[in-house]
Every structure is written in C-alpha cells, then in structure tokens.
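Welcome! Please take a look at the structure below, and then read on for a short tour.

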Amino acid sequence: MAPKAITPEINIIKGQLYKPGNKNSYKWDIVWFNVIGFAVMHAAALYGVFLILTGHVSIAHLLNFIIVGYFSIFGTTMGAHRLFTHKCFKANKVVRAILIAGFTMAGQNCLWVWVRDHRQHHKYSDTDGDPHNASRGFFFSHIGWLMVRKQPEVIALGKLIDMSDLDADPLVMFQKRYYKTVFTIFSMVIPMLFPYFVLNETLWMSFLISFVTRITVTLNGTWLVNSAAHIYGNRPFTKDMLPTENEFVSFIGTGEGWHNYHHTFPWDYKAAELGRHYNGAALLIEFCARQGWAWDLKSASRAMVKHRATKRGDGTHAQYGWDSPDENNNQLKTEEYDYETLKKEAESEYIADDNDIKEAFKSH
Ligand SMILES: [Zn+2]
Ligand SMILES: [Zn+2]
C-alpha cells in the first residue's frame with residue numbers, strides 16, 4: 001500500500017502538541033516479517049515457560065534466567081528510561097556503560113531509537129504522533145505498533161525530537177552504530193555461556209531459555225507499561241490523560257507502572273510518587289547516589305504533588321483525594337500554589353530545567 005501523504009498540518013505544527021488522532025483514519029500497513037517473527041518467538045517462549053513450570057529447567061539455569069533478566073530490566077528502566085530519555089539524574093561513565101550493557105541484553109532495539117520513540121511518546125501521548133498510541137487499544141499499544149509500518153505522522157514528528165544529547169554521547173553512538181554485533185554478543189551469546197559451558201545444557205536449551213524466553217518475558221513486561229498502564233487504573237495526578245497508576249505493572253516492572261505520576265512529572269527519578277513501593281529502579285538509583293556514582297536526582301516536592309493531585313487529579317489520591325481525612329485538600333487556593341511558588345518551594349529538592357517543570361504543569 002502506498003504510504004499516506006504527509007499533511008501540510010504536520011509541517012506547520014513543528015513540534016507543538018499534536019491534536020488527538022482519529023482512530024477511524026488509521027489504516028494498518030502490516031509488516032508480515034515482524035508478525036511471523038513475533039508469533040514464532042512467542043510460541044517458542046511459551047514452550048520455554050512450559051519447560052520451566054514443569055521442572056525441566058535446572059535451578060541454576062533458572063537463576064541465570066532471573067539474574068540476566070533483572071540486569072536487562074534495570075538497564076531498561078533505570079538506564080534507557082530514567083537516565084537517557086528523561087535525564088532524571090546524572091551518573092558516572094561506569095554506571096552509564098553498565099546500564100547500556102544491561103539495556104542491550106534486553107533486546108529492545110538500539111538505545112538511540114528507544115529513547116527517540118519514548119520522548120515522542122511523552123510529547124504526543126495517545127495521539128497520532130505517539131508511536132504506540134494507546135487510544136487505538138490494548139493490542140496496538142502493546143505489540144501491534146511493532147507489526148505495522150509507522151504512520152507518516154509518527155515518522156514526521158519523530159524527526160523533530162531533540163536527540164542532541166545522545167548524538168554527543170560516544171557510548172550511545174557506538175551502541176547504535178554496531179547494534180547488531182553488540183546485540184548478538186550481549187543479548188544472545190553472553191547469557192548462554194553459563195548454562196552451555198558450566199551447566200552442560202544443550203545449545204538449544206541454552207538458546208531457548210536464556211535468550212528467547214527471557215527476552216520475550218521482559219519485552220512483554222515493558223510493553224505492559226505502554227498498554228495496561230495506559231488503560232487500567234486510576235488517575236490521581238492528571239485525570240485528563242490516559243496513563244494510569246497500575247500496581248501490577250509496577251510490581252513486575254521495577255516501579256514503571258505508576259504511570260499517571262510519571263506522565264505528570266516525567267523528570268522525577270522515582271517515576272512514581274513513592275520511591276519504595278514496588279520501585280526497585282528508584283532504590284538502585286538512590287544506592288548509586290549514596291556511593292557517589294549518581295547525582296542531581298530530580299524529584300517533585302510534596303507541595304507540587306499535593307497541588308497537582310487536588311487541582312488536576314481524579315480524586316482518588318490516598319492522601320489528597322476527595323475522601324481523604326485532610327479537609328483542606330479541596331480548599332487549596334490556586335494563587336497560593338502558582339507555578340513560581342511551587343518552583344521556589346521545590347528548588348532545594350530537585351534540579352530540573354524550567355521547561356520540564358512548565359511541561360509538567362501545563363495542560364495535556
Ligand atoms: Zn506512557
Ligand atoms: Zn517515560
């Protein structure tokens with residue numbers, strides 16, 4: 001099918017918030033190679049899970065699966081997401097290199113592309129400019145978007161995303177340039193070494209469990225942030241957007257499911273209001289900060305959270321919701337909590353650039 005022509009509107013808006021898309025205007029342009037590839041991958045992974053559940057995989061091999069799996073999850077959540085996409089904190093070269101290695105193990109495309117797509121997802125959330133627009137439903141935002149050619153709107157707006165920081169990072173650009181090679185080494189070969197050479201597993205079993213099943217499980221965990229955490233749950237911080245607070249996704253995704261908060265304050269290193277509630281990535285960032293390996297952790301102040309929950313939330317916040325015991329919640333005066341006041345109050349708690357804060361407070 002010939003690609004849809006890019007409308008002049010896209011050239012005019014140049015990076016401004018894009019208007020919500022119209023589901024009916026969307027046409028699938030299926031990439032069958034990806035469809036078949038994902039189908040085969042999931043069938044093999046289901047067989048791998050079956051072997052694990054029926055005791056055909058040794059405890060040592062399972063431990064390798066879990067350790068490599070979590071290393072790759074932290075590389076994605078703490079690294080690709082909170083450090084490289086949102087710049088929620090700064091870290092030294094060793095931490096950055098380890099996180100890139102972990103992310104490469106996850107097999108989620110090159111870091112540069114992942115970050116570009118995720119920045120675009122935040123900028124044009126749940127509209128035609130969003131690569132995994134959740135207003136098209138669970139399947140599309142979960143995996144469907146990877147089975148079709150990108151919409152012209154997504155391609156055009158993706159070119160406007162500022163990637164200058166990653167362009168200037170030699171490690172990121174190295175991973176981008178040699179992605180196929182580093183992916184083969186880090187995601188496929190290294191995780192297979194222990195089961196194949198030490199546990200004397202067959203090459204097939206090492207490949208099936210430590211590569212195919214592992215990346216399929218962690219990929220689905222990551223995709224649930226784009227699908228389930230944009231559909232199921234409450235919206236205590238911003239009621240007029242799709243992202244939700246989803247406990248299950250947070251539990252399996254080291255704290256990435258507190259997604260209404262995250263879309264409200266994307267620069268907060270906790271990606272959640274609370275750093276210790278199913279939030280392994282926040283705990284690891286705090287650990288690195290205590291060692292002096294990470295610094296400049298950005299976080300929203302209590303005043304900002306309270307203001308946002310009472311002014312823009314759906315009233316379900318445990319402490320600042322409509323039914324909470326704090327009777328002053330509904331009486332906060334806007335003039336007392338305007339942008340400048342909040343910025344001053346929060347200054348001692350985070351370092352974020354002005355645009356980030358304005359972005360967090362403006363209407364979506
Ligand atoms: Zn999201
Ligand atoms: Zn994000």
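Predicted model: local features only at pLDDT ≥ 70, side-chain atom pairs only at ≥ 80, totals over all residues.

A residue counts as buried under 20% relative accessible area, as exposed over 50%, and as partly exposed in between (1.4 Å probe, protein chains only). Residues are numbered from 1 along each chain as its sequence is written, chains are lettered from A and ligands numbered from 1 in the order in which they are written, and side-chain values use heavy atoms, with hydrogens and water left out.

**Overall build**
- The protein has 17 helices and two strands; these are DSSP runs numbered from the N terminus, with helices being H or I of at least four residues and strands E of at least two.

**The zinc site**
- His81, His86, His118, His122 and His262 each use NE2 to coordinate the zinc ion (ligand 2), at 2.0 to 2.2 Å.
- Donors here are N, O and S atoms within 2.8 Å of the metal (3.2 Å for Na, K and Ca); water is not among the atoms, so sites may look incomplete.
- Along the chain, the donors of the zinc ion (ligand 2) follow the spacing H-x4-H-x31-H-x3-H-x139-H.
- Between the zinc ion (ligand 2) and the zinc ion (ligand 1) there are 5.9 Å.

**Arg312**
- Arg312 belongs to helix α15 (residues 302-312).
- Arg312 is buried, with a relative accessible area of 16%.
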